[in-house]
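Please look over the structure shown here. The paragraphs that follow take it one part at a time.

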Amino acid sequence: PSYRTRKALIVRKEVHDRGMLGLRTSNNSRSKRSLLFTVKDASEGSEIMNMISPTDTALAPRLIIIDKYDYIFYAALALLPVDGTVIGIRMPYWSPISPILFLCYVCLNWRLLHTAARPYLGFMLFPITVLLPLSAFAWSTYHFRLITTITTALGILGFLSCLLSLHIAFSIKKLTTSFAASIIGAAYWVAFVVGVIEFLALRLDIHSLRSYFAHLMLRPYNRPQFLFAEPSYIGMHVFGVLLPTYWMTKNKRLRTLVFTFVIGSFLMGSGLRIIIDSAIGCVLWSLPHIKFNSRRNRLITIGGAASLIAATALVLSFNERAANIIHYGLIGGDGSMSARIFHAFVLARAWASDVPRFLIGFGAGNIPTVVNAHFKSAHQNWNAIGGRNSWEINNLNTPTYNQFTMSGYTSFITEFGILAFIIFIMLVIIHISINNAWNKKAVCWFILVAYLYIQFEGYAFYALPLFIWGIYKMASLHSIVTSEQSCTR
């Protein structure tokens with residue numbers, strides 16, 4: 001390599017710094033930051049990678065660019081918040097761009113697939129050995145829909161591509177996580193500014209801006225949605241992407257951004273869910289840092305919990321939708337809430353009427369068929385228990401290729417069955433156990449991800465693959481610290 005490349009690739013020893021993936025350079029190497037390669041130098045990056053032993057992760061360099069394909073990866077990170085526009089790929093109730101870029105990145109780095117897939121072999125084989133046979137049987141005995149099957153397949157590919165992209169970029173190529181965190185932070189700051197502009201356009205009734213956003217967003221709302229598919233997905237991004245990225249990188253700017261999104265969403269009236277998500281996220285954020293070994297800490301925890309409950313109740317008391325739900329109930333107080341529950345209600349009716357299909361699934365892509373077959377009986381039962389009707393509920397009687405359920409759990413169980421769902425959860429638990437990652441932060445992160453998917457059905461969303469990769473990375477850093485400690489003895 002050229003002299004400039006060798007100088008840019010000074011190996012920096014990395015240490016585990018309190019957080020899961022808190023990567024910081026030592027004091028005597030802070031001035032030797034990774035430099036952004038020129039195109040010529042980037043072509044020489046692979047030679048540097050070959051000079052470093054794959055097992056010598058403690059002394060691995062942290063670079064910004066290894067080859068030209070990494071620009072695609074950074075583009076995917078920059079477009080993470082853009083998942084509700086008309087230019088994205090149409091998936092159930094969202095239209096992201098990043099999953100396709102992750103897929104392209106994996107395909108372009110196909111030589112690294114063997115190494116990248118090894119730590120996640122169970123997840124890689126799961127669609128082929130479990131989901132495909134179950135769906136093939138359902139297609140032959142129940143129904144087959146081509147377009148919705150392709151949509152489901154793209155969602156699963158998006159999940160695997162995100163997971164493999166993270167491993168290729170950070171665990172194999174060893175790109176710098178601080179630069180990636182800066183890109184993510186900048187992208188979400190842009191999304192927040194867009195939300196503020198949306199709020200002003202709606203509040204001040206600026207017709208030109210309102211018309212622009214009406215044409216830009218796939219499903220425009222009368223509330224700020226920050227380039228997301230809908231306002232209720234704010235929590236998915238804040239607590240599914242930004243907060244875990246802060247946990248892993250200790251980037252204080254991301255912590256500021258999390259609080260900015262939460263407070264800004266409150267003040268701009270973006271929705272009810274972000275209030276609930278923030279309360280749950282705050283608890284799960286705090287728990288790993290609380291030590292219950294003293295009476296003082298226990299009293300502080302109780303006081304903090306009481307304050308959080310009081311603050312949440314105070315915020316909800318000024319929310320009209322929350323007041324209606326409290327007064328009239330979950331199924332009768334709010335049209336949006338009742339519609340979300342009815343989506344699950346229809347599918348639960350299908351499960352109860354066909355237990356074998358509940359066990360093995362109705363097949364990938366068959367959610368519209370299931371909804372259409374059981375809508376009438378479910379709607380009669382819904383009216384009998386006093387459920388509120390809305391245009392969204394009535395429109396379910398006409399299935400479309402873009403049918404959604406508003407819940408990852410109901411979508412997955414309907415398509416692939418409860419047995420496949422149990423197998424997948426076991427894979428996640430085994431992955432955590434193999435990587436020896438059962439600690440308070442990992443458990444709280446797991447609970448947070450599990451909560452978020454209650455009201456989000458996108459298989460390709462980034463929260464779950466980020467968690468799975470983070471668990472592996474946490475184990476890698478633990479082994480580095482252990483080896484360093486053994487060397488100093």
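In this predicted model, helix 20 and helix 21 are roughly antiparallel to each other, because their axes cross at roughly 175° and an angle over 145 degrees counts as roughly antiparallel. Helix 20 covers residues 408–434 and helix 21 covers residues 440–452, and the two axes come within 14 Å. On the side of helix 20, the contact is made by Tyr409, Val428, Ile429 and Ile432. On the side of helix 21, Phe446, Ala450 and Tyr451 meet them. Sorted by type, the residues of this contact are seven nonpolar, with no polar and no charged ones.

Another part to look at is helix 5, which spans residues 98–108. Its buried residues are Ser98, Pro99, Leu101, Phe102, Tyr105 and Val106. Viewed down the axis of helix 5, these buried residues fall within an arc of 160°, so they line one face of the helix. Among the elements that cover them are helix 4 (70–78), helix 6 (113–117) and helix 8 (146–172).

The mean pLDDT of the protein chain is 81, and 82% of its residues reach 70 or more. Over residues 1–60, however, the pLDDT is below 50. This stretch still has 97 contacts in the model beyond near neighbours in sequence. Residues 479–485 also have a pLDDT below 50, and that stretch has eight contacts beyond near neighbours in sequence.

Technical notes
Residues are numbered from 1 along each chain as its sequence is written. This is a predicted model: local features need pLDDT of at least 70, side-chain atom pairs count only at pLDDT 80 or more; totals for chains, interfaces and linings use all residues. Side-chain values use heavy atoms; hydrogens and water are left out. pLDDT is the predictor's confidence in each residue, from 0 to 100. Contact means heavy atoms within 4.5 Å. Axes are lines fitted to C-alpha atoms, for helices over the stretch in contact, and angles run from 0 to 180 degrees between N-to-C directions. Helices (H or I, at least four residues) and strands (E, at least two) are DSSP runs, numbered from the N terminus. Angles under 35 degrees count as roughly parallel, over 145 as roughly antiparallel, 65 to 115 as roughly perpendicular and the rest as oblique. Ala, Val, Leu, Ile, Met, Phe, Trp, Tyr, Cys and Pro count as nonpolar, Asp, Glu, Lys and Arg as charged, and the others, Gly among them, as polar. Buried means under 20% relative accessible area, exposed over 50%, partly exposed in between (1.4 Å probe, protein chains only). The arc is that of the directions from the helix axis to the C-beta atoms.
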